[in-house]
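Have the model open while you read.

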Amino acid sequence: MRSLTVKLVLGFTLVSLVGIALVAIMAAQFTGNQFREFFENQNREALIADLGDYYRLNGSWRGIERISINPSFTQKYAFGFVVVDTQGKVILRHPNTSPFARMFNRELRAESGIPIIVDGNLVGTYHNVGGRFDNRPPLLAQITRLYISLIYASLGAVLASVFLGVLLARSLTRPLRELTEATEKVAKGDLEQQVPIRSKDELGELAASFNQMSSDLAQSRDLRRQMTADIAHELRTPLTVVLGHTEALSEGQLPPDAETFEIIYDETIRLNRLVEDLRTLSLSDAGELHLNRHRTSPGDLLERAAAARKSEAKAKDITLQIESAVELPAVNVDPDRMTQVLVNLLDNALRYTPAGGSISLSAQRIQEGVAIIVKDTGPGIPPEDLSHLFERFYRGDKSRQREEGGTGLGLAIAKSLVESQGGQIRVESQLGEGATFIIELPAQPE
């Protein structure tokens, strides 16, 4: 039994059968007792009336015992009873009377039974003392019809429960079958699978989670393919330059002077930088990058980063300012790696800030800790580029960045290093108003 639908239907059917059987048994027992009580009460009144007529006709109870052996009498009044006269003497007993009642005889008292009144006088007392009355044909036929009706009703209820069980099982297993089929396709490499969300319960949440997972896998695959193509492209340019110049040197088409070797050297440095950036990024993403974290002053980080790019800023006629609030809390970071992040942000700012512009490095206290801010007076970042800025090899101005020697990995590395040290990084920008990069780091507990 491997089908979940079959298991659910059988489970529903079994539960329904047990419930229907219990209800049928209790209904049959209760209704049968009600039928018996109804017929007994009805016949008891008729019996008392017949006994009164007998006494009125004969003037006494003499000979009353003979009617108890009359088949028509025993069939009409098929339940246990005892009749006593005014002295408490048993004058009539039905053959179906229980043996226990035979012990009473004269001990039966008038006040414990139903009085038999003839012409206003008490002439005897009727006592219901139990016995078998199921064998009365009209009553037996009524109970039999009742049981048959209950059986048909139970069968109808079972069929209805099976039908509803099948519908419910299919409604439960349909999304599971769709998920199974989609999962098998994903396992075969078809990642762009989406299943319909048919409800808002746990199955609906499972379908939504699967759709999100499938979308993430497809996006990750596309990013991986794009990154592979970008890496190949980035490697191709310097390799082409190096190979072209070395080939020209070997064929005597270029003179072996300092300018030629400087070009080859610069492209080799670019290749080395690209490989080192890829290595840093992969180690950071895998959580295997060694971080020497300790208590560090935010002001020291600003000073180190500014010192590293002070000469480049002066050469481009760009003012580099440092603004740090007093009494800032320390942060728990790797100073070298965090300086690397700030230097990457400064390189990005220097790349786009025009001559005569300015770049500010500042730090201020926030509720969660410290915010380090790098702000430039460049042209700003288009809104469509903001959400992609920290992606690998993404360039808002591809031609200019390649000319400046960028690898397209600086901001991606900055984001990865900041997050690996418990911080967050974001960018705010409007066209014509420059760009502002904000790093938020948790404060180091005292």
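Helix α5 passes helix α11 in a left-handed crossing (left-handed if the near helix is turned anticlockwise from the far one by less than a right angle, right-handed if clockwise). A word on the source: this is a predicted model, where local features need pLDDT of at least 70 and side-chain atom pairs count only at pLDDT 80 or more, while totals for chains, interfaces and linings use all residues. Residues are numbered from 1 along each chain as its sequence is written, and side-chain values use heavy atoms, with hydrogens and water left out.

**The α5/α11 pair**

- α5 covers residues 258–285 and α11 covers residues 410–420; helices (H or I, at least four residues) and strands (E, at least two) are DSSP runs, numbered from the N terminus.
- The two pack at an angle of about 30 degrees with their axes 10 Å apart (axes are lines fitted to C-alpha atoms, for helices over the stretch in contact, and angles run from 0 to 180 degrees between N-to-C directions).
- That angle is why α5 and α11 count as roughly parallel to each other (under 35 degrees is roughly parallel, over 145 roughly antiparallel, 65 to 115 roughly perpendicular, and the rest oblique).
- On the α5 side, Asp277, Thr280, Leu281, Ser284 and Asp285 do the meeting, and their counterparts in α11 are Ala412, Ile413, Ser416, Leu417 and Ser420 (contact means heavy atoms within 4.5 Å).

- Leucine 409 is found in the loop between α10 (398–404) and α11.
- Leucine 409 has 0% relative accessibility, so this residue counts as buried (buried is under 20% relative accessible area, exposed over 50%, partly exposed in between, with a 1.4 Å probe and protein chains only).
- Not counting residues up to four places away in sequence, leucine 409 touches Leu274, Asp277, Leu278, Leu281, Arg392 and Phe393.
- Leucine 409 and asparagine 344 sit 65 residues apart in sequence but 9.3 Å apart in space, C-alpha to C-alpha.

**The five-stranded sheet**

- Which order do the strands of the open sheet take? It runs β6-β8-β9-β11-β10, with mixed pairing (two strands pair if DSSP finds at least two bridges between them).
- β6 (319–324) and β10 (424–429) stand at the edges with a single partner strand each, so one side of each has no neighbour in the sheet.
- From one strand to the next, the twist averages 15 degrees.
- β10 pairs with β11 (residues 435–442) in the antiparallel sense over 6 bridges, and arginine 426 has isoleucine 438 in β11 as its bridge partner.
- α11 packs on the sheet too, touching β10 and β11, and its direction makes about 135 degrees with that of β10.
- Helix α6 (residues 298–308) lies across β6, β8 (358–365) and β9 (369–376), running at about 170 degrees to β6.

**α6 against α8**

- The axes of α6 and α8 come within 9 Å and cross at roughly 50 degrees, which means that α6 is oblique to α8.
- This time the crossing is right-handed.
- Residues of α6 at the contact include Leu301, Leu302 and Arg304, and those of α8 include Met338, Thr339 and Leu342.
- Leucine 301 has its place in α6, and at 0% relative accessibility leucine 301 counts as buried.
- Setting aside neighbours within four places in sequence, leucine 301 is in contact with Thr296, Val331, Val333, Pro335, Met338, Thr339, Leu342 and Ile372.
- Between leucine 301 and isoleucine 372 there are 9.3 Å in space, C-alpha to C-alpha, for 71 residues in sequence.

**Nonpolar cores**

- The largest nonpolar core has 45 residues, and Val341, Leu342, Leu345, Ile372, Phe437 and Ile439 have the most contacts inside it (a core is a set of buried Ala, Val, Leu, Ile, Met, Phe, Trp, Tyr and Cys residues joined through side-chain atoms within 4.5 Å).
- Helix α8 (residues 335–352) gives the most to this core, with 8 residues.
- Another core, of 14 residues, lies apart from it, with Leu51, Ile64, Phe81 and Leu92 among its members.

**Strands β1, β3 and β4**

- β1 (residues 81–84) and β4 (residues 121–128) run antiparallel and are joined by 4 bridges, with phenylalanine 81 partnered by asparagine 128.
- β3 (residues 114–118) also runs antiparallel to β4, through 5 bridges, and there valine 118 is partnered by asparagine 121.
- The β3/β4 hairpin has 2 residues between the strands, and aspartate 119 takes a positive phi near 50 degrees.
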